[in-house]
Each structure stands twice: as structure tokens, then as C-alpha cells.
Amino acid sequence: MNNKIKRCKKCILPNTYPGIDFNEKGICNYCNYFEASKEMRNSLKEDLKGQFYQLIEETKTKKKEYDCIVCYSGGKDSTFLLMELKEKFNLKILAFTLDNNFLSDRAKLNIKVIVNKLCIDYIIIKPEQDIICKIFRDVLTQKIVYPTELTAMLSPLCVACQGMILAAAFRLAKEKDISIVFVGFTPGQYPDVSYENFLKTKSCIYFSNTVYKDDPPDIIKMIRDPIDEVLGEKAGKYYLKSQYLEKGESYPYALFPFHAILNYNEEYIYKKIKTIGWIKPDDTDSCSTNCLINSLANLVFLKQYGYHPYIAEISAMVRDGLFNKEYALGLEKIEENNNILKRSLDKLQLSREDVGI
Amino acid sequence: MNLLTYRRSRKDAWKYPGTPILFFKFLFKKVNEAAAILKYPSLPSPYSLVPLISQALGLGMPMMGSGKSPYSMISYFTRLNENIFLKNNSGLAYHQRRVMVDEIYDMIAPYLLNEQEEYIELLICARHKEALKNFSTDEITEFRGILKDKFKILHNLFLKTKFKGGHFAHIAHYGYPEDLYREESFLREFDAQALKLWRDKSYPIVTEIYIDNIDAPNKAIWGWYIFMPHYTKEIFKSSKLRENKLLQAGKLARSLGAKFAGMAGLVASFSKGGNFLAENIKGIGFTTGHAFTIANIYDITKSIIKGVSLDISKSKVAIVGAAGSIGSGVSKLIAVNNVKEILLVDMALASSRDKLVKLEYVLKKINKNIAIKLSTTVDDVVNYDILIVATNAITSIIRSRHLKKGAIIIDDSFPKNVSRSIIRERDDIILLEGGVAQFLHKHNVYVARNMPDLLELSISKLVSCKQAYGCLCETFILAAYGHKGNYGLGDADPKLAKDIWQKGQIVGVTSATFQNYGFAIEKSRIQKVKDIISCRS
């Protein structure tokens, strides 16, 4: 990272981040807003907590084959989530992984070990690999471009991948008549918006068949539109269409437990999941414990946009007191010349020049 | 008395529909305080304030990265403090807050049109008819008084905030009943009488938009999408409704401070090429959007001809809807090239026939070498290489049987004149969307409220893909150039098409990639048509 970058003294957000402004004390407008809206946010969180528990209890009384789907990447957060939902809440879980063609071998092994150990049914879905690779290629080479609303939170490659994962999870849940999809987003991923969505619709992802003037941006559509526009229906079919539902259309509730009912403590998470045989992969970067293409996506994004794609999440964790600044800065480091990077490029049939690194 | 004690002491606070007046007063007191801290920021219109009011209520929470958006509280947060937020003890449940925001939003159009009294009566007689059915005359009078007080509260704030107006408005209408019923879901519960009253008297639905980072005289532009609250068929049916609602939308555009208004969907057609609006509403200009649209269709036509290696001098082009503004405009642009033949098609009406004859004469003057044929039936297009379709027909009129192998169809109609199923039935033709244009990705687009994609105004696609239909592009380009007054009225003018296209090139607005129904056209399809054409020659 460039040493000349100015950072918020509180949350480490850099001056290259979209819409940032600093006050005379060197504190950014995001921190000021966070501080000022703290009380309101805390009350939202409290409401969220109560209703979360209620929804989980309601689901359990339905006595279906499965109470929920857990999007399970094999990474640390979703492994911990799986454990907690099984052990603390005694839910009947169907774990689900979308194989994006870049899952670390260790992550695959972790998945096997953990679902066996926890006696959880498991499904892996593998979309057409050439289509995934095409999507990844086009986002890395900026044929598919996402707007600031999305790139302020994560890299376009992660946007495209997460959109596909969520769509597959929702469709699987519908097919199997499962009413909740759990996602292991950290408290720094989509905070506020997810609380609000939940309080409006009982789902952290917004779906509605009526329109209010305070509706959130249609993120679902914003993820899909650029893919349709560049790659056509073949790729678009892997995504959901819109947050606005058509007649007769419905989706299960999406819940992010780290936003309400599970405390997020990274040290504790690592400790806990090790007890059931989870081993940290040595082939992923500092921001991922399951995905091999993450390094490449992060590096390319940094060059293209001038800030780290995880910085919004990391800074939110710093503001929340979940990370200290030094640790957070460490998470930003990207290894520029490793084999994983090369292998990812080779798999996508791209050169370093193609992606500008 | 604070809100909590008020809530306890007044159990009947929610007696009347809408938000109790004390909550209203309380909220606006806070908004006034915040606005005062910000020294009453210079915003374009009351619609700019609503997202900020929502956020103070804990709704529409701003997203990370939104620090530059005029609609995000984060933009103002070097100066504001926690006092502007409505705290937990406000007593307003989530859905009540949403109702409140909607209520404020809906009051703005009648306020700007100075029709508060009419709006109040509309609420009493239609919107809240059912809820008020057991109320006495005195109670209804009291309710009327409450609504008047709400307008006064709104007025006091708006008076202090000196709204600066904007650059443009864009008038549209809803496409289908389900679109309108999704926006105004309360209509589902109306009886026939209330529905009729609402239909006749309701007010436009508006969202404000801000675009910056533009390379043009205006680096940033403000404007409003103004939706007539009716769907296509409804407007088609009644000329009286059509005229009233066009005038209402045009007047609202003027009240908001737009310098001119563009037109989407069938607004240009409904307003007789914009002339009805221009003649009846002074102090604001109008433009149909057709100049950019025909330039864009022409550009797409040239690109696809090149893409499939079609020899233009051997090509036969059919223009369906040729007597219309877009059809005639495109014909004139195409006639400049030495195409083999142009077929001008328009359906049946005698007036269309006259128009076609006149158009034939004009085209002959542009290029005497082209064979021109006239037709009043779409069945005559079967042997044509390129079909450009731009009619007002409300159903699909082009069928698979009308298309020869290797045909290229550019459909600029709304509703679409070529059925989507044709794409699945026939892999030997290319069906393209007419008029989709591409902005630059560096153009930042901010909208005051999200709306589902409607008709030709695909708002999320504008934000995400930076794409819009030609009519909207014309509006944006003119706004970026600081245009005032009328621009393109009546039939699309090729000279204006040239002018707006050149300006668009400078701003960075060009044709989008080949697509239809939002999907990219597969390379394999283009190759297949290319092969067919190559075998043909």
C-alpha cells in the first residue's frame, strides 16, 4: 500500500475510499455517522435479536425435514456458524457449498471433516465451470463493471460470486421447502442495511411485492444486470432477478446471525473450530480461509480502485471494537507474487497484463 | 410534553389514518434543527429532503461508500450530531415510520402544484374512504384540519429551505397495472367509486436524480423522473385523462424548477409530439427524446450491418411504423445510404397513407437511387433483410412467419412489437433492442428513492450498468449542456439527431452493446446470421 495514503485516525479507512471526508481531527465522516447513529443502531440490534430468536423458534415448531440451509464455504466463519446453529440452537441443518472452481483443497477437506463430525447433511452445487470462469474473467478485466454501491463493500469478483451463492441457496431452499437461509456474513459485512431489511421483512436480504419510498437499492438486480448485459441469459440464470417479487414469487428468510445473535470474536472462533478438526488453509490470503481466487481479486481491485476491497468491512470491525487498528492494517496486506495468484490467472487463461497487475 | 407522555396520554393518537400530528410536528422540529445546523443546505427540491428525513427515522440507512451522495446523511456528517436521529422512545414502530415517510412524499406533488385542498378531499373521499366510513361529520372535519396542519408544517420547512431547482424533468407513465398496483398497493382495497376518483385526481409519482462527474458545461445535473400514475392502456382509453395528467406532470416539472422536460414511453405520442405540452405550459421547454433515439437506432443498424458483414447496397430495409415520428426519422437517416430498397409500412389508416406518400417524396429527394415501396400491412416485410420496428401497437405484431432466415430486427417499440418467444423459436435471426444507450461508468448516478424498473425507465440499470433508453439520454445530454426551452417537438428531426449524437459523444453517451430484453446477444447467434448472409451472397 502507498505510504502517502491518509487514513482515518479511528477506523483506518483511506482517503481513496468512495465519499470519504475528514474533519479537523482526522476522523472520517463514516466514523462520525457511526458514532452519532450508535444509539439508534443499538436499539435496532436489540429489536433484531429478539425477532431473530422468535423466527428460529417458529421455524423449529414446523418440524420439517430441515429447519434451515447454511451457506457453507468451509471458511472459519461459516464453520463456526454451522457449529453454533447445531450445538446451541439444535437446528436441523442442510449445509450447502457452491463450488466456484477456486475452493482451496484444505477448505474442501475441512468441509468433509466438519459436516461428518457435526452429522449435518450436505450438498455441493457446481455451476458450469466455463460460465463461472467467464464471469470471473469479465469482472477482472472490467468488461463487467459494478457501481460504487457494490464496490464500496467488496470486489466485483466477490459480488458476482456471492450473488450466485445466494441465488443457489434460495433456490435450493425453495425446492426443499426450507424457510431460512443462514449466511455467515461478519458484523462488518452489510451492517445497518441488513438490520433494517430484517426489521422490515424478517429477512436480512430485502424482498417485497409492494413499494415504499424508503426501499433499499435493488442490490439483487444490480448484481445481475451487468452480467445479463455482457454475458446474456446463460450466465444470468444463476442469479436472482430483483428484490421486487412477481406475483406468486416468494423466497425464504435470509439471516446473518453474526449481526444479532452470535458474538464475533475471531480468536475465539479459531479456537472453537479447531476443536472439531478445522485446519487453517495455508494457500489462501489474509482475508479468506477458503477461496483461492481471493488474492487475485483483491490485488486487481486494489490496482483498479485504489483501496482494498475488504476495507469497508475491516473498518466497520474496527469501529465496532472487534479488531484493533494494527491487526486491521495487517489484513490489508496482499502477497503480489505467489503461486496461487499465478494458478488463478492460468485457470482463467489471463495474463498479469490482462488484469493490470 | 414529550412523545412518550403524549403516547400514554393520548391512546387515540392513531384514531385517524396517517401519522398523528404530534409525531409530525416532532419530526419536522428535528428536521428544522438539522437544516438550521447545515444552514439550510441548497437542495433542488423538497424531494431531496425525504431520504434524509427517512434516515433520521432509521429508515433507508445509508450504505458504505455513499459519502458523496446528496441523499446520504453521511455526506453531511462532519457537521451533524446524534440529536437528529429519532430515538427508540419515539413510539413509532417500523411500519409506522414507513407510512410516515410515504405520507410526506405523497404530499409534495400537491403542495408544489398548490392543490392541497384538492389533495385533502381526495384522501378523504378515496384513499381513506374505508377507514373513515364510520366517522361523524365533525370527526371528518377534524381530520381535514389535521391534514391542513400537516401541510402548514411542511410549508414552514420548505419556506426556509430555498430550493434551487434543477436542470431537467423526464415525464413517464406506468407500463402495466401490476406496476402501478405495486407502487400504490392501497388501490387493491378501493371500491369502484374510490378507484375512479383516484384515477381522475391522483398525483404524479416522483423520484429525484443527481448525476455528477460529467464532461460537459454542467459537470453535475439534477432532475426528476415524473411518473403519471397510470398504466399504458388506461391512458390510451381516455383522452380527457390523458390531457389532464399530461398537464399535471408538465406543471409539476415546472414547479420543481426544471428547465425542460423529456418524455418516456408513449408520452411523446400522447402529447402529439410534445406539442400539446409545449402549447399549454409556458416557462418550461419540452423534448420528445426522439432525436437521440433515431440517432441511436441508426448507429445500432450500422454496427450490426458491419457485425454480420451485410452488403448494404444489396440490402432491403423495412420500416414498420414509418408514418410515426421515429419511423420517419430513421427512414431519413437510412436513406442517406445506398440501400437497395426501403419498404415503408404503416397500418391501414388513411392519414398514415398520406404521411407515407409524403415520406416517400422526402426520401426520394434524399437519395433518388433507392427503390421505395409503401405498404399498410406487416405481412409485406417477409423478404426484408433489416426490419426497424417502431409503432404504438400495444401487442406484438411481428411473428416468426414475417422473418426470413438471417433477418435482423431492431425493435424500438413500447410495448414491444416483437414477441420475446421469437428469440427462442428462431436462432437464425437477430432481434435487437432499439435505442439502449451507454453512459460512462465514471458517471455517478444517485437517486433519492429506489423504484422498481418501469417502462423505459430502468432506474437500477441506470445505476448499475449506466444504461438507459434513448429518450432519457437525450434529456441527460441536453441537461449536461444546460439546455433551456423546447428542443425536439413533432416528428424526429435528422438534423437534431446529428446535433444530439455529437453532444452525446462528448458527454460519453453512445450505443450500448447489442442486447434484447436486457440480455446480451450471444456471439454464436451473430455468427450464425453472418454465415447465412455469407451463403446467400
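Glu183(B) is buried, with a relative accessible area of 4%, where buried means under 20% relative accessible area, exposed over 50%, and partly exposed in between (1.4 Å probe, protein chains only). This is a predicted model, in which local features need pLDDT of at least 70 and side-chain atom pairs count only at pLDDT 80 or more, while totals for chains, interfaces and linings use all residues. Residues are numbered from 1 along each chain as its sequence is written, chains are lettered from A and ligands numbered from 1 in the order in which they are written, and side-chain values use heavy atoms, with hydrogens and water left out.

**Salt bridges within chain B**

- The side chain of Glu183(B) meets that of Arg449(B) in a salt bridge, at 3.0 Å from N to O; a salt bridge here is a side-chain nitrogen of Lys or Arg within 4 Å of a carboxyl oxygen of Asp or Glu.
- Glu183(B) lies in helix α7 of chain B and Arg449(B) in the loop between β13 and α17 of chain B, so the pair ties together parts that are 266 residues apart in sequence. Helices (H or I, at least four residues) and strands (E, at least two) are DSSP runs, numbered from the N terminus.
- Arg449(B) also counts as buried, at 2% relative accessibility.
- Another salt bridge joins Arg401(B) to Asp379(B), with the closest N and O atoms 3.1 Å apart. Because Arg401(B) lies in the loop between β9 (386-389) and β10 (408-411) of chain B, and Asp379(B) in the loop between β8 (371-375) and β9, this pair ties together parts that are 22 residues apart in sequence.
- Arg401(B) counts as exposed at 60% relative accessibility, and Asp379(B) counts as partly exposed at 40%.

**The interface of chain B and chain A**

- In chain B, 58 residues are in contact with 56 residues of chain A, contact meaning heavy atoms within 4.5 Å.
- The size of an interface is often given as the accessible area lost when the parts come together. Chain B and chain A bury about 4900 Å² between them, 62% of it on carbon and sulfur atoms; buried area is the accessible area (1.4 Å probe) that two parts lose on being put together, summed over both.
- On the side of chain B, Met61(B), Met64(B) and Arg98(B) lose the most area to chain A, together 17% of what that side buries.
- Between the two chains, 21 residue pairs are in polar contact, with both residues at pLDDT 80 or more. A polar contact is a pair of N or O atoms within 3.5 Å; within protein, one must be able to donate a hydrogen and the other to accept it, and residues adjacent in sequence count only if both atoms are side-chain atoms.
- The elements of chain B that each supply at least two residues of the side touching chain A include α3 (46-56), α4 (94-112) and α7 (177-183), and the largest share, 6 residues, comes from α4(B).

**Salt bridges between the chains**

- The rule finds 7 salt bridges across the interface of chain B and chain A, while the count over all chains comes to 52.
- One salt bridge is formed by the side chains of Lys213(A) and Asp106(B), at 3.0 Å from N to O.
- Glu233(A) forms a salt bridge with Arg424(B), the closest N and O atoms being 3.5 Å apart, and the pair crosses from helix α10 (residues 233-236) of chain A to helix α16 (residues 421-425) of chain B.
- Glu233(A) is partly exposed, with a relative accessible area of 33%, whereas Arg424(B) counts as exposed at 61%.
- A network of salt bridges links Glu196(A), Lys200(A), Asp214(A), Asp215(A) and Arg98(B).

- Asn450(B) lies in the loop between β13 and α17 of chain B and counts as buried, at 7% relative accessibility.
- The side chain of Asn450(B) makes a polar contact with the side chain of Tyr244(A) at 3.0 Å, and a polar atom of the Asn450(B) side chain lies 3.3 Å from the backbone oxygen of Pro216(A).
- Leaving aside neighbours within four places in sequence, Asn450(B) is in contact with residues including Asp215(A), Pro217(A), Asp218(A) and Gln243(A).
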